[in-house]
Amino acid sequence: MIRVGVNGYGTIGKRVADAIAAQPDMTLVGVAKTRPNYEAEAALRRGYDLYAAIAERAEDFVDAGVTLAGQLDDLIEASDVVVDGCPAGVGERNRPRYAAHDTPAVFQGGEAADVADVSFNARANFEDARDAEYARVVSCNTTALSRLLAPLDEVFGVEKARVTLIRRGGDPAQTDRGPINDVVPDPVEIPSHHGPDVNTVLPGVDVDTLAVKAPVTQMHTHGLNVTLRSTPDAAEVRDLLAEESRVFIIPEEADIDGGGALKDYAMDMDRPRGDLWENCVWGESLHVEGSDLYLFENVHQEADVVPENVDAIRAMATGVPAAESRARTDESLGIGLESLFETSSTGTGLVTADD
Ligand code: NAD
């Protein structure tokens, strides 16, 4: 059993903690929190041991009637691997704490790449994290792009990928983020940092990205144009992507027109927290012109990196092969949405623009 601690129990940390607790070969030692808020209550209700992330604030937990299992250093010492789910930049400051205990750590995509020995995506470069002391699971956008570009490059060859990312302004609980009535280039410089971040896990793939942020909280939307080295038809691309368990091809018959319906679908499917761990690619958007592939996908920013964290732990702490680790993670979480609709739709005719 791999003993795993989670330091930073927010949007990503709480989901990763649940995923670890669901693994047959992992034990969740506990989670470290800075304060006894509603998320601390949720952790306790799930039976997770709580540790004080900041020693001076331990009294706040006592005052709130919460029993702590210990301090952050106790959690790190008792863990074989720590997952750092702290806000961007805090992970880097935590690294010396993990090093002091000789405890390997998994960082998140908000950290600079040099926080870790290796940037990680389970589909693109699992083996690179083998036995690493520190790994960084790349961001939600980078994770999604890597999952698509890796199989496309392996089978058809990617000459050049151009991606427009329409990023959610903030997560649902982030009331301090925006915009609330605008679409803002973010970053305004082109290309954005996402392409180079993809290259930390897929160094050979030529990819340029540009990004805006929009007043939505549910999901990111990506528009891709990938120039391939061969000329498959859209059905062949569809078949390839359909084989990827972490890619869901949205069937035309499902009548899912955007992120709202997708999240509704996830809740109808009884997904915990309405989470979509898979890239969601609209089947009708799959279109090939010569060697140019086009598609739209949506990405649930709170969820897609969660299975990647689980696989990163296995890559670092075990000899389990990549495909087996991914399969174990998928099975334990229920990843791999399969629609009952037996559609094979891809892009069809052109529709006249009305604006
Ligand atoms: P979050 O703010 O939701 O959660 C971070 C948690 O860490 C909060 O509960 C906060 O109170 C706690 N924290 C703050 N300082 C701490 C400290 N010193 N010790 C322990 N805990 C501390 O943030 P998040 O969205 O979960 O992001 C975490 C990381 O994951 C970042 O690197 C981010 O870039 C990355 N990430 C976020 C998303 C997303 O969409 N939310 C997606 C992919 C990757």
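Okay, hi everyone. Before we start, keep in mind that what you see is a predicted model.

Let's zoom in on one pair. Strand 1, residues 2–7, lines up with strand 2, residues 26–33, in the parallel sense, and six bridges link them. If you want one to click on, take Asn 7, whose bridge partner in strand 2 is Ala 32.

Strand 9, residues 158–168, pairs with strand 11 in the parallel sense over eight bridges. There you'll find Leu 165 standing opposite Ala 211 of strand 11. Strand 10, residues 184–185, also joins strand 11, but that pair runs antiparallel, with two bridges. Pro 185 has Val 212 in strand 11 as its bridge partner.

Next up is strand 14, residues 279–282. Strand 13, residues 247–250, runs parallel to strand 14, and four bridges join them. Val 247, for instance, has Asn 279 as its partner. So which way do the side chains go? In a regular strand they alternate between the two faces of the sheet. Here, Asn 279 and Val 281 point one way, Cys 280 and Trp 282 point the other way, and all of them are buried.

To count, two sulfurs would have to be within 2.5 Å. Cys 280 is in no disulfide either, with the sulfur of Cys 140 again the nearest cysteine sulfur, at 13 Å. And are these two buried or exposed? Cys 86 counts as buried because its relative accessibility is 14%. Cys 280 is at 0%, so that one counts as buried as well.

On to the helices. Helix 6, residues 140–155, packs against helix 8, residues 234–242, with axes 10 Å apart and an angle of about 125°. That angle is why we call helix 6 oblique to helix 8. The crossing is right-handed. Where they touch, Leu 148, Pro 151, Leu 152 and Val 155 from helix 6 meet Val 237, Leu 240 and Leu 241 from helix 8.

Here's another pair to look at. The axes of helix 10, residues 306–317, and helix 11, residues 322–333, come within 10 Å and cross at roughly 135°. So helix 10 is oblique to helix 11. Helix 10 passes helix 11 in a right-handed crossing, too. On the helix 10 side, the contact involves Pro 307, Val 310, Asp 311 and Arg 314, and helix 11 brings Ser 325, Arg 326, Arg 328 and Thr 329.

Last stop: Ala 99, which sits in helix 5, residues 90–100. With 38% relative accessibility, Ala 99 counts as partly exposed. Its C-alpha atom is 29 Å from that of Ser 146, which lies 47 residues away along the chain.

That's my tour, thanks!

Terms used:
Residues numbered from 1 in each chain as written. Predicted model: local features only at pLDDT ≥ 70, side-chain atom pairs only at ≥ 80, totals over all residues. Heavy atoms only, no water. Buried < 20%, exposed > 50% of the residue type's maximum accessible area, 1.4 Å probe, protein only. Pairing = 2+ DSSP bridges. Axes fitted to C-alpha atoms, helices over the stretch in contact; angles between N-to-C directions. Parallel < 35°, antiparallel > 145°, perpendicular 65-115°, else oblique. Left-handed = near helix turned anticlockwise from the far one by under 90°. Contact = heavy atoms within 4.5 Å.
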